[in-house]
Amino acid sequence: MINILKTNDFDKIYKIMEDSFPVDERRTYDEQKALLSNPSYNIYVEESDDFQEIQGFMAVWQFDEVAFIEHFAVDTRFRNSGIGSRMLQNIRKIISDRICLEVELPHNDIARNRISFYERNGFNYNNYQYVQPSISIGRNPIPLRIMTTDGGLNSEEFSVIKNLLYDKVYNVEPDYVDSLYNIRLIEKADDSQVESIIRSCLIEYGGNHEGTAWADPDLGRFSDIYNKAGNAYWVAVDDSGKVVAGVGIGELEGLSDVCELQKMYSIPEVRGLGVAYKLLCIALEYAKKYYKKCYLETLDNMIQAQRFYEKNGYERIKEPLLDTGHFCCDVRYVKEL
């Protein structure tokens with residue numbers, strides 16, 4: 001049976017925490033220990049039969065609306081022995097309210113296996129965009145998903161839980177994600193940064209060759225090119241002035257009522273944080289003033305990008321609308337504006 005942590009055993013669970021979670025997913029030692037005085041926060045531990053070793057722990061916030069498992073880990077020496085499942089079943093006996101927790105996006109086998117583990121133990125995966133705010137000074141925000149007991153969440157229920165966690169756990173405002181990056185029209189000083197992002201992404205996906213944006217003769221002259229009605233380019237900038245993502249709307253020669261979503265790229269660190277969605281919304285709202293449809297081309301191995309476009313109303317088409325010069329971009333989409 002799990003028990004409440006004794007304060008003098010805190011060092012033991014913090015060692016497990018350091019071994020189990022990357023630095024962006026945990027507080028400093030002093031910050032974490034200070035939470036023990038918060039009446040809403042408890043750490044439950046699973047101990048060996050002789051009470052000499054802590055085999056696993058679960059840090060839980062309990063509110064009126066929901067309980068939140070913030071950290072849950074089993075000592076590496078005792079993993080794959082059923083301790084994790086036993087702890088989850090026991091905490092559900094202790095807490096009768098709905099329980100939620102955060103998981104990584106299912107982009108690799110480890111993350112998918114972790115999600116499956118929670119599903120086997122009665123949790124439901126909710127595919128609403130969610131960002132874990134910076135947990136401590138110097139830590140980075142992380143795109144995650146929320147899993148819950150007692151069925152999946154509708155959008156209203158998700159917003160309630162997200163806002164509760166932002167307020168009580170992370171101490172940030174509900175519009176936290178919007179405040180992370182400033183979106184504005186491109187300036188001359190941004191050109192080289194945007195070119196660097198595009199080339200890095202194309203190398204990442206094997207698109208550093210003829211037939212893609214890699215060979216565009218005007219790559220790096222965005223502020224000169226996107227400077228007339230019906231053409232614009234926006235960048236997302238962090239608080240240090242660094243460009244982290246960008247997107248353009250450009251006219252298509254010979255198709256007066258169709259524009260193209262152009263050169264939408266971001267650095268890996270901000271993917272999943274909502275930056276791309278915010279850029280897309282701004283770009284499409286602008287495009288509606290001049291066009292009836294928006295066309296785009298991408299590479300077939302950019303699977304996450306394709307899912308993003310489809311989720312936001314783009315429909316895949318078989319043939320290109322015209323020759324853009326990007327003959328290696330073999331996946332095409334159109335969206336009605």
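**Close-up views of a predicted model**

**View 1. Arg184 and Asp190 form a salt bridge, with the closest N and O atoms 2.6 Å apart.** A salt bridge here is a side-chain nitrogen of Lys or Arg within 4 Å of a carboxyl oxygen of Asp or Glu. Asp190 is buried, at a relative accessible area of 3%. Buried means under 20% relative accessible area, exposed over 50%, and partly exposed in between (1.4 Å probe, protein chains only). The structure holds 21 salt bridges. This is a predicted model: local features need pLDDT of at least 70, side-chain atom pairs count only at pLDDT 80 or more, and totals for chains, interfaces and linings use all residues. Residues are numbered from 1 along each chain as its sequence is written, and side-chain values use heavy atoms, with hydrogens and water left out.

**View 2. Arg199 meets Glu195 in a salt bridge and lies over the face of Trp214.** The N to O distance to Glu195 is 3.0 Å. Both residues sit in helix H7 (residues 191-204), four residues apart, about one turn of the helix. Helices (H or I, at least four residues) and strands (E, at least two) are DSSP runs, numbered from the N terminus. An α-helix has 3.6 residues a turn, so residues three or four places apart point the same way. Arg199 is partly exposed at 23% relative accessibility. Glu195 is partly exposed too, at 21%. Arg199 lies 4.7 Å from the ring centre of Trp214. A charge sits over a ring if NZ of Lys or CZ of Arg is within 6 Å of the ring centre and within 35 degrees of the ring normal.

**View 3. Lys288 and Glu285 form a salt bridge.** Their closest N and O atoms are 3.7 Å apart. Lys288 is partly exposed, with a relative accessible area of 47%. Glu285 is also partly exposed, at 48%. Elsewhere, salt bridges that share partners join Lys188, Asp218, Arg221 and Asp224 into one network.

**View 4. Tyr166 and Tyr176 belong to one aromatic cluster, with Tyr128, Tyr130 and Phe158.** The structure holds 20 aromatic pairs. Rings of Phe, Tyr and Trp (its six-membered ring) pair if their centres lie within 6.5 Å; planes under 30 degrees apart count as stacked, over 60 as edge-to-face and the rest as tilted. The ring centres of Tyr166 and Tyr176 are 6.0 Å apart and the planes stand at 80 degrees, so this pair is edge-to-face. Tyr166 lies in helix H5 (residues 155-168) and Tyr176 in helix H6 (residues 176-180), so the pair ties together parts 10 residues apart in sequence. Tyr166 is buried, with a relative accessible area of 1%. Tyr176 is buried as well, at 12%.

**View 5. Trp234 and Tyr286 make an edge-to-face pair.** Their ring centres are 5.2 Å apart and their planes are at 75 degrees. Trp234 is in strand E9 (residues 232-237) and Tyr286 in helix H9 (residues 275-287), so the pair ties together parts 52 residues apart in sequence. Both residues are buried.

**View 6. Helix H1 (residues 10-20) has buried residues Phe10, Ile13, Tyr14, Ile16 and Met17.** They cover an arc of only 155 degrees around the axis, which puts them on the same side of H1. The arc is that of the directions from the helix axis to the C-beta atoms. The buried residues of H1 pack against helix H2 (29-34), strand E2 (41-47), strand E3 (54-62) and strand E4 (67-74). Contact means heavy atoms within 4.5 Å.

**View 7. Asn80 and Lys263 have positive phi values.** Most residues other than glycine have a negative phi. Phi of Asn80 is about 65 degrees. Asn80 is found in the loop between E4 and helix H3 (83-94), and is exposed, with a relative accessible area of 84%. Phi of Lys263 is near 50 degrees. Lys263 is in strand E11 and counts as buried at 16% relative accessibility.

View 8. A disulfide is a pair of cysteine sulfur atoms within 2.5 Å. The closest cysteine sulfur to that of Cys328 is in Cys329, 7.2 Å away, too far for a bond. Cys328 is partly exposed at 26% relative accessibility. Cys100 is buried, at 0%.
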